[in-house]
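Open the structure in your viewer and keep the selection tool at hand. The tour moves from one selection to the next and says what is there.

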Amino acid sequence: MRINDTTALSNYEAHEDRYHRMKYRRCGRSGILLPMISLGLWHNFGHDDSFSNARNILRTGFDHGITHFDLANNYGPPYGAAEETFGRILKQDFLPYRDELIISTKAGWDMWPGPYGNLGSRKYLIASLDQSLDRMGLDYVDIFYSHRRDPDTPLEETIGTLHDIVRQGKALYVGISQYNAEDTARAAAILEDLGTKLFIHQPRYSMFDRWVEDKLLDELERQGTGSIVFSPLEQGVLTNKYLGGFPEDSRAIRDGRYLKEDSITAEVLDKVSALNDIAKSRGQSLAQMAISWLLKDDRVTTVLVGVSRTSQLLDNIGSLDNLDFSDGELKKIEDILA
Ligand SMILES: NC(=O)c1ccc[n+]([C@@H]2O[C@H](COP(=O)([O-])OP(=O)(O)OC[C@H]3O[C@@H](n4cnc5c(N)ncnc54)[C@H](OP(=O)(O)O)[C@@H]3O)[C@@H](O)[C@H]2O)c1
């Protein structure tokens with residue numbers, strides 16, 4: 001492990017019951033079990049975010065059996081900051097637990113200026129992963145992703161590079177994010193020819209964005225590839241947070257780069273309110289129901305949440321207490337989403 005700052009190991013000890021507090025699912029046809037809730041560091045781990053809050057979130061997650069933390073080269077802001085924050089916390093708290101963790105990172109979106117700091121070339125992916133490993137102080141990540149399909153780079157180049165990264169020992173497994181079903185099938189075939197498995201796909205999936213249901217989930221099942229679905233709460237919209245107005249500390253108001261306030265319309269809030277009533281009748285928060293609803297399909301290996309505070313993470317983990325839906329509930333939900 002290549003950690004280069006001088007911060008000492010803390011006296012943190014992970015909760016001894018952590019593996020009884022979480023449920024796990026096998027990732028496709030692989031040897032790896034992933035927690036049914038995983039934690040992403042896209043927001044809330046930048047340089048301007050509270051370090052102690054970030055650390056409490058990660059500790060709370062691990063204490064509840066969340067073994068999988070998802071990063072990307074450009075999470076921050078600024079780009080790279082989330083990996084740096086994670087690297088510090090890893091060094092202080094999680095070093096003794098490295099072999100209990102599945103850590104992922106990605107490259108594919110803009111990272112540095114010029115033609116070699118974006119998209120899907122071999123040059124970019126290899127250089128970016130080396131930088132990510134430096135920032136996190138790691139010798140290898142557990143999963144490395146092509147973060148998006150680059151239509152101008154031959155798929156053989158992008159996917160062949162993933163295979164080479166595994167051969168170099170810099171990633172144990174590889175994945176792709178947001179690739180459509182056809183490109184996923186091609187990527188899996190390229191990897192198979194080379195002798196590497198397409199381990200996981202990371203698509204966007206929520207009650208409000210159901211594109212994966214068309215062809216992708218079937219393709220993943222065929223390939224024996226797992227799935228980790230991101231933005232399951234539509235960045236916070238699929239919770240009760242915006243039903244009483246726009247809180248100052250919410251993502252829509254505090255950040256607004258990706259979640260625009262004006263996208264949360266009265267029509268959206270009517271649906272959220274109707275869904276909230278069903279959640280209440282199930283004894284769940286809306287966030288919990290939105291997660292349970294995704295996990296009812298066992299082709300979904302894990303739901304990748306983001307949180308701005310530990311209470312949200314605990315709420316989200318509580319979704320695992322009620323994963324069953326009656327036909328009547330499913331019908332009511334379909335009627336609202338229609
Ligand atoms: N592959 C890709 O292209 C891609 C793209 C985007 C994301 N991702 C991954 O997916 C992860 C999750 O994405 P996301 O952050 O958009 O997920 P999300 O879970 O849909 O939204 C997270 C936000 O929802 C709010 N929230 C979460 N739990 C809540 C609860 N129980 N009650 C009320 N509000 C709650 C918080 O917002 P507030 O800040 O308002 O409190 C939180 O920051 C990212 O960290 C990243 O790892 C991948």
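Two strands pair if DSSP finds at least two bridges between them. Keep in mind that the model on the screen is predicted.

**Stop 1: a pair of strands**

Select residues 37-40, which are strand β3, and residues 68-70, which are strand β4. How many bridges join β3 to β4? There are 2 bridges, and the two strands run parallel. In general, the strands of a sheet pair through backbone hydrogen bonds, and the pairing is either parallel or antiparallel.

**Stop 2: the barrel**

Now extend the selection to the other strands of the sheet. In what order do the strands close into a barrel? The order is β3-β4-β5-β6-β7-β8-β9-β10, which makes 8 strands, with parallel pairing. On average, neighbouring strands of this sheet are turned by 30 degrees against each other, if direction is ignored.

**Stop 3: two loops**

Select N44, in the loop between β3 and α1. N44 is a residue other than glycine with a positive phi, near 75 degrees. Then go to P77 and P78. P77 is found in the loop between β4 and α2, and P78 lies in the loop between β4 and α2 as well. The peptide bond that leads from G76 to P77 is cis, and its omega is near 0 degrees. The bond joining P77 and P78 is also a cis peptide bond, with omega at about -10 degrees.

**Stop 4: helices α1 and α2**

Two packed helices are described by the angle between their axes and the distance between the axes. Select α1 (residues 51-63) and α2 (residues 81-94). Their axes come within 11 Å and cross at roughly 60 degrees. Because of this angle, α1 is oblique to α2. The crossing of α1 past α2 is right-handed. Show the side chains of F51, A54, R55, L58, R59 and F62 in α1, which meet T85, I89, D93 and F94 in α2. By class, the residues of this contact between α1 and α2 are 6 nonpolar, 1 polar and 3 charged.

**Stop 5: helices α2 and α3**

Keep α2 and bring back α3. At what angle do α2 and α3 pack? The angle is about 40 degrees, and the axes are 7 Å apart. With that angle, α2 is oblique to α3. On the α2 side, E83, E84, F86, G87 and L90 make the contact, and on the α3 side S132, R135 and M136 do. The contact of α2 with α3 has 3 nonpolar, 2 polar and 3 charged residues.

**Stop 6: around the ligand**

Finally, select the ligand and the residues around it. How many residues surround the ligand? There are 29, and the closest are G40, W42, F230, G236 and G306. Which elements give two or more residues to this shell? They are β10 (302-305) and α10 (310-317). Helix α10 gives the most, with 3 residues. Colour the shell by class to see 9 nonpolar, 15 polar and 5 charged residues.

Terms used: Residues numbered from 1 in each chain as written. Predicted model: local features only at pLDDT ≥ 70, side-chain atom pairs only at ≥ 80, totals over all residues. Near = placed C-beta within 6 Å. Helix = DSSP H or I, 4+ residues; strand = E, 2+ residues; numbered from the N terminus. Nonpolar A, V, L, I, M, F, W, Y, C, P; charged D, E, K, R; others polar. Axes fitted to C-alpha atoms, helices over the stretch in contact; angles between N-to-C directions. Parallel < 35°, antiparallel > 145°, perpendicular 65-115°, else oblique. Left-handed = near helix turned anticlockwise from the far one by under 90°. Contact = placed C-beta atoms within 7 Å.
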